[in-house]
Structure formats: C-alpha cells, structure tokens
Amino acid sequence: MERLDKILANLGYGTRKEVKSMIKKGFVQVEGECVVDSGLNIDPQKSEIKVNGEIVVYRKFIYLMMNKPAGVVSATFDNYDETVIDLIEPEYQIFNPFPVGRLDKDTVGLLLLTNDGELNHRLISPKWHVDKVYYAEINKPVGVKDVEAFEKGIKLDDDYKCLPAKLEVIKSDENGAEVYVTIQEGKFHQVKRMFEAVYKNVVYLKRIKFGEVDLDNSLEEGEYRELTQGELDDLKRV
Ligand code: URA
C-alpha cells in the first residue's frame, strides 16, 4: 500500500506538490471514484487509477539498456564525473535506477540499468555464471597460447584465478588483434587485467552481450531504451 500522491509522482505525473494539486482538483479517480485525498493509501497493483480519464499503467520496476559512451562513470553519483544516470531522462530517473555491475570509465557498450534489486543481485552474482561478451582491441598479436591460457583460467596480479574464459580471435597481426572475450565474473578491470597477465594491453573495450541480451546496434553511444519483454524474460531466466 502506498500513498496516491507518491504513486503518481513516482510514475512521473509531476512533483509531489503538482500531483497533490491535481488530485485536489478532482482529476484523479480510483476504481471509478473521484478521489480528493492525496494521502489515500492504495495498492496500485490492484486498484485501477485514472488521471484525466486515462488509465495509469503502474509499474514498479524499469529495465533499460544503454550503449554507454566513454568518459562517464557507471555509478549513480560522482563528485567529478558525469554518470550514466545523468544521461537518462527525468521520466526514468524518478525510478532511481542504478547500473547492473560496472563498466570502466573508458569502456563502452552494453550497460543495463534497473531499480530491481533482486534481478540485479542475480545478474552480478558469480554464482549464476552469467556470460558477458566483450569486443576488445589489443596492442599485440593474440594467438593460440592466449586462447589456451584464458580457457585454463588466467591468474590475475592479485593471485585470483579466473574462471575459464572464452577467447575468440577475430584477426591478429603484428600491429595487434581484435578479439571477443566471454567472461562469467566481473572483477575490477577484469578483461584488462586478464590481458596484462599475458603481457598485452587492451586499447579498446566494448561490451556487446549480457546473458542472452545483445547490445542493440541501433543505439548510438549515450543512447538507451527500455528492454523488450522478450529481453527481460531472457534475463529473468538466468
Ligand atoms: N573488464 C574491464 O577490464 N573493464 C570493464 O569495463 C569491463 C570488464
């Protein structure tokens, strides 16, 4: 149960003050009855609310996919840098979304944002082994030895032994390589540190897949959209 004014404000119908005034003026109906008490407690999942005669589609959670640009941090707040939350519209900010896991400031690509704490927990927990696929450009050639080392489990600089990771070489020559890397964990700077362990550097990193969800290639960097029902179902199946 929640206060009517809070429900409508959270859904983006205005500030709490604006919503209160709207209710007072008789623009809001609950179960077909005009309600003028903003403090009325109702269960929005069960009671039908109308504003100006239009049914309010209630939702508790939002799920967004962003093509994260370089230069912004995957956090909800930062003293110095722009955050991924700064890039989204107020109509979504009101749901207080947060990023699912983190991408480094210079990493681009698929970032999920939600206010669904339970799903977030499952997606980032190492227990559930959710595949994350990255496209990476490397400063040196990448070969069979690296593929085998990734498959065996790379030991990072802090002696942590990574789970087996899949490394696919798209192309490699004396100038460097382009690869796909699939990991199931999300240790700090993991992909970069895995390559450092084999004496190479990642010069460009883009996440292209999270679980079964692919980055929508029609999203420019900095753009985002809601997940489709199909994408959400895929994530929830994890
Ligand atoms: N691995 C990294 O090194 N950086 C990221 O942003 C994601 C994975």
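Modeller: Axes are lines fitted to C-alpha atoms, for helices over the stretch in contact, and angles run from 0 to 180 degrees between N-to-C directions. Helices (H or I, at least four residues) and strands (E, at least two) are DSSP runs, numbered from the N terminus. The model is predicted: local features need pLDDT of at least 70 and side-chain atom pairs count only at pLDDT 80 or more, while totals for chains, interfaces and linings use all residues. Residues are numbered from 1 along each chain as its sequence is written, and side-chain values use heavy atoms, with hydrogens and water left out.

Colleague: At what angle do the axes of helix H4 and helix H7 cross?

Modeller: The axes of H4 (residues 117-124) and H7 (residues 229-236) cross at roughly 60 degrees and come within 10 Å. H4 is therefore oblique to H7, given that angles under 35 degrees count as roughly parallel, over 145 as roughly antiparallel, 65 to 115 as roughly perpendicular and the rest as oblique.

Colleague: Which residues of H4 and H7 meet?

Modeller: Contact means heavy atoms within 4.5 Å. Leu-119, Arg-122 and Leu-123 of H4 meet Leu-232, Leu-235 and Lys-236 of H7. By class, this contact has 4 nonpolar, no polar and 2 charged residues; Ala, Val, Leu, Ile, Met, Phe, Trp, Tyr, Cys and Pro count as nonpolar, Asp, Glu, Lys and Arg as charged, and the others, Gly among them, as polar.

Colleague: How many cavities of 30 Å³ or more are there, and what lines the largest cavity?

Modeller: On a 1 Å grid over the protein atoms alone, a cavity is a set of points where a 1.4 Å probe fits but cannot get out; a pocket is an open set with protein on both sides within 12 Å along at least five of seven lines, and lining residues have an atom within 4 Å of a point. Here the count is 1 cavity of 30 Å³ or more. The largest cavity holds about 40 Å³, a volume being the space filled by probe spheres set on the points. Its lining includes Leu-119, Leu-123 and Leu-235, residues that also take part in the contact of H4 with H7. Strand S9 gives the largest share of this lining, 3 residues. The lining has 9 nonpolar, 1 polar and no charged residues.

Colleague: Which domains contribute to the lining of the largest pocket?

Modeller: Domain bounds come from an automatic or database domain assignment. Domain 2 (63-126 + 212-236) and domain 3 (131-210) each give at least three residues to that lining. The largest pocket has a volume of about 540 Å³. Of its 28 lining residues, Gly-101, Arg-102, Leu-103, Gly-186 and Lys-187 lie nearest the centre. The classes are 12 nonpolar, 7 polar and 9 charged.

Colleague: Where does the second largest pocket draw its lining from?

Modeller: Its lining takes at least three residues from each of domain 1 (2-55) and domain 2. Tyr-58, Arg-59 and Asn-115 are among the lining residues, and the volume is about 190 Å³.
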